[in-house]
Amino acid sequence: MYSQLFKNVHKKTPIVHCITNYVTVNDVANIILASGASPIMADDIEEVSDITSISNSLVLNIGTLNTRTIESMIQAGKTSNELNHPVVLDPVGVGASRLRMEATLRLLEEVNFSVIKGNASEIKAILNKTKTSGGVDVSLEDIINDRNIDEYIQVAKEVSKANDAVVAITGPIDIVTNKDKTYIIRNGHKNMGKITGTGCMLAGIIGGFIGANPENILDSTAVAIAAMGLCGELANGKVVKEGLGNGSLRTYLIDYMSNLDETTLMGGIKIENR
Amino acid sequence: MYSQLFKNVHKKTPIVHCITNYVTVNDVANIILASGASPIMADDIEEVSDITSISNSLVLNIGTLNTRTIESMIQAGKTSNELNHPVVLDPVGVGASRLRMEATLRLLEEVNFSVIKGNASEIKAILNKTKTSGGVDVSLEDIINDRNIDEYIQVAKEVSKANDAVVAITGPIDIVTNKDKTYIIRNGHKNMGKITGTGCMLAGIIGGFIGANPENILDSTAVAIAAMGLCGELANGKVVKEGLGNGSLRTYLIDYMSNLDETTLMGGIKIENR
Amino acid sequence: MYSQLFKNVHKKTPIVHCITNYVTVNDVANIILASGASPIMADDIEEVSDITSISNSLVLNIGTLNTRTIESMIQAGKTSNELNHPVVLDPVGVGASRLRMEATLRLLEEVNFSVIKGNASEIKAILNKTKTSGGVDVSLEDIINDRNIDEYIQVAKEVSKANDAVVAITGPIDIVTNKDKTYIIRNGHKNMGKITGTGCMLAGIIGGFIGANPENILDSTAVAIAAMGLCGELANGKVVKEGLGNGSLRTYLIDYMSNLDETTLMGGIKIENR
């Protein structure tokens, strides 16, 4: 099944409309292309409905939101909902400012999301609807491990129920859940956190996978996360072997995504039913 | 002659003012530097006339346009026209939304462009002044080949006449034309379409070539397109040889542009009179 | 001492709030991460005070300023001043437009900067408060060498006194000064000027170093500049050895920054008391 979901991205080349931050937007576009989908970035309120209409999915990322683009996100989200296009929310640093929290709560109120993806601090902040401390990176106390994982699964399930969405918490171990089923994913490498935008890139890839497979949001999200983690492992292995560093890790991550085939995917992904 | 046009970029280091999208802007700046010119990005209406005045050419790219930057583009374009600086239009995804089409028509009405460069879908959309389907990538039915090329040459010529500009249609085969003369270019590799921004980068490079050679817009545009395609071929060859992927292709493309010399250029470009 | 200042960045992982241009923002974020600090980009006036409050330092870069972000910079700067967080100003291309000059003068009036960093043309423009010619790159007549260095030290000292800030002039030889002490730094390679954003990246790194060492702004700035220059030398050496170009130089620069250790740092930096 994962194999088929992956193949569909390359076969259907879904168009992924992204309203995303200007820090990592280039990497998001490049990794969406590398994964077999086609990105389009557009954030003016006068055109987001047109753009969303010709797309297969929508990704909303609040990384460098501003008062202008919040309205565009709402507009694009509503149009996507009307057209039954799947929508991803990446609430980057939602706990870092009142503006991000309020925008996120408004988005959750006015738009139906198919997938909400964040690190543990972000998903907890949504659950608690509170501004936390810390920046855009996960807090040290929020690193998921085998001892605390049940607590985070509970968090993910509650956010999933409250928003009727697949919820993904990313970290050393990733959690993907809807109201019925939970997956645990053990791909990825901690060095991926040393380059900016791996989370944003992942949201873009999820957009491509669910755009190509709108009938199976849960499994598409899981395999997208596992594929990204696997490419990160492979890229990091090559970086270490060649004595390189973070700059090369970013390049190789996109290289491995563009060269990923079914055999490598199925041999490398570690998705468990929980 | 092509050799001289190329050398002039390195010799004169023209300043290229770009009002361009935030997705690919970094690659545009880096490849302009790699080609021997000097980029400056500025889009606030309060400063675009100042910036354009100290520049040698202007590149307007509507990739992530918004209502604020459209006005800045008009203003910069008019100032460039007054100063007789050459101006390039890159109508990214012009058929994808009403906003893009209206902004493009207004730009064509209020600014005199030296070069209009787009893929076949974009140039056709300008000719037909209609919103098409599809995103920012060329439609499958609009891939130029040896059988349909005469039709696209006709499209290019009509857009050229209507706007008194050099028109370039990029694709597997590129077309460059003004009212008197037409070139066909057979450089480039299809994998260049698998990284975001090769079209935007090309517009930036054209800006440098025509900024250094304002007296010969047609040939400068042709050799800029051929040089970019040649670097893409070389970069792709290296990527394939080393078993790498899209991330490395982007890096090597800029590498080859920065190392390009006259001998490699003249040995590799394939520009035919038509 | 330099060794300790460097180690503190990795140990404390300071959060660096950047309001910076969209051309080079991704490289700025990646090199801040590579240097051991944690970047956060946020420019909406509704959230900059929140973001600055959870950060350890603030970097203001006017590279693609606009009337919206100028107000955000002022707001963030004032909040940082209230909280005693160090603030860096990178007046990119300040002489290129009236808007940039007026914004810079207003920033210098309303915000207390810890560090003002620019190339010789930019720092001279601030001293003379005049719009100059030329773009964002240093003018040819403003290249610092051993014959004219005393003149530029004088410029730096005057700007330092007028603004009660550490002033850094970057170039083939770098100058760092406050009212009491002056350093000369002889690291770096001229090819760093052939990739966009090395200056912006340096401002980000300075933000991390002074965020981790707020009690020693002068020495932190000096070692940050030397570390960046050293990584540029190493990256350029590898590029030349492998026959690569500008694209790889950017990648390797970030690689070397992420792999930099105390031994390499202390063996390679060339900081002289003047």
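Chain C goes onto chain A by a rotation of 120° with 0.0 Å of shift along the axis, and the RMSD of that superposition is 0.0 Å. In chain C, the C-alpha nearest the axis belongs to C:Tyr22, at 3.7 Å from it. The copies use different surfaces, since 13% of the contact residues of chain C recur in chain A.

Keep in mind that this is a predicted model. Its scores are ipTM 0.96 and pTM 0.97. For chain A the mean pLDDT is 96, with 98% of the residues at 70 or more.

Now the other pair, A and B. Chain A is superposed on chain B by a rotation of 120°, again with 0.0 Å of shift along the axis and an RMSD of 0.0 Å. These two copies are thus related as by a three-fold rotation axis. On the chain A side, A:Tyr22 has the C-alpha nearest the axis, 3.7 Å away from it. Only 13% of the interface residues of chain A are also interface residues in chain B, so the copies meet through different surfaces.

Next, one contact between chains in some detail. Helix α10 of chain A, residues 246-259, packs against helix α10 of chain C, residues 246-259, at an angle of about 125°, and their axes are 5 Å apart. Are these helices parallel, perpendicular or oblique to each other? That angle makes α10(A) oblique to α10(C). From α10(A) the contact takes A:Asn246, A:Gly247, A:Ser248, A:Arg250 and A:Thr251. From α10(C) it takes C:Arg250, C:Thr251, C:Tyr252, C:Ile254, C:Asp255 and C:Ser258. By class, the residues of this contact are two nonpolar, six polar and three charged.

On to the sheet in chain A. Nine strands form an open sheet with mixed pairing, in the order β2-β1-β3-β4-β5-β6-β7-β8-β9. The edges are β2 (38-41) and β9 (271-273) of chain A, each of which pairs on one side only. On average, neighbouring strands are turned by 20° against each other, direction ignored.

As a reminder, strands of a sheet pair through backbone hydrogen bonds, either parallel or antiparallel. Which way do β7 and β8 of chain A run? Strand β7 (residues 174-177) and strand β8 (residues 182-185) of chain A run antiparallel and are joined by four bridges. Within that pair, A:Thr177 stands opposite A:Thr182 of β8(A). Helix α7 of chain A, residues 149-163, packs on the sheet there, touching β5 (115-119), β6 (166-170), β7 and β8 of chain A. The direction of α7 makes about 35° with that of β7(A). Elsewhere, helix α2 of chain A, residues 25-34, lies across β1 (15-19) and β2 of chain A and runs at about 155° to β2(A).

Chain B, then. Its open sheet also has nine strands and mixed pairing, in the order β2-β1-β3-β4-β5-β6-β7-β8-β9. At the edges are β2 (38-41) and β9 (271-273) of chain B, and each pairs on one side only. Neighbouring strands in this sheet are turned by 20° against each other on average, direction ignored.

For a parallel example, take strand β4 (residues 87-90) and strand β5 (residues 115-119) of chain B, which are joined by two bridges. B:Leu89 stands opposite B:Ile116 in β5(B). As for helices on this sheet, α2 of chain B, residues 25-34, touches β1 (15-19) and β2 of chain B, and the direction of α2 makes about 155° with that of β2(B). Helix α4 of chain B, residues 67-83, lies across β1, β3 (57-61) and β4 of chain B and runs at about 155° to β3(B).

Last item: a helix pair within chain B. The axes of helix α1 (residues 2-12) and helix α8 (residues 198-212) of chain B come within 8 Å and cross at roughly 90°. Therefore α1(B) and α8(B) are roughly perpendicular to each other. Which residues make the contact? On α1(B) they are B:Leu5, B:Phe6, B:Asn8, B:Val9 and B:Lys12, and on α8(B) they are B:Gly208, B:Phe209 and B:Ala212. The classes in the contact of α1(B) with α8(B) are five nonpolar, two polar and one charged.

Note on methods. Residues numbered from 1 in each chain as written. Chains lettered and ligands numbered in written order. Predicted model: local features only at pLDDT ≥ 70, side-chain atom pairs only at ≥ 80, totals over all residues. Heavy atoms only, no water. pLDDT = per-residue confidence, 0-100. Least-squares fit on C-alpha atoms with pLDDT ≥ 70 in both. Contact = heavy atoms within 4.5 Å. Axes fitted to C-alpha atoms, helices over the stretch in contact; angles between N-to-C directions. Parallel < 35°, antiparallel > 145°, perpendicular 65-115°, else oblique. Nonpolar A, V, L, I, M, F, W, Y, C, P; charged D, E, K, R; others polar. Pairing = 2+ DSSP bridges.
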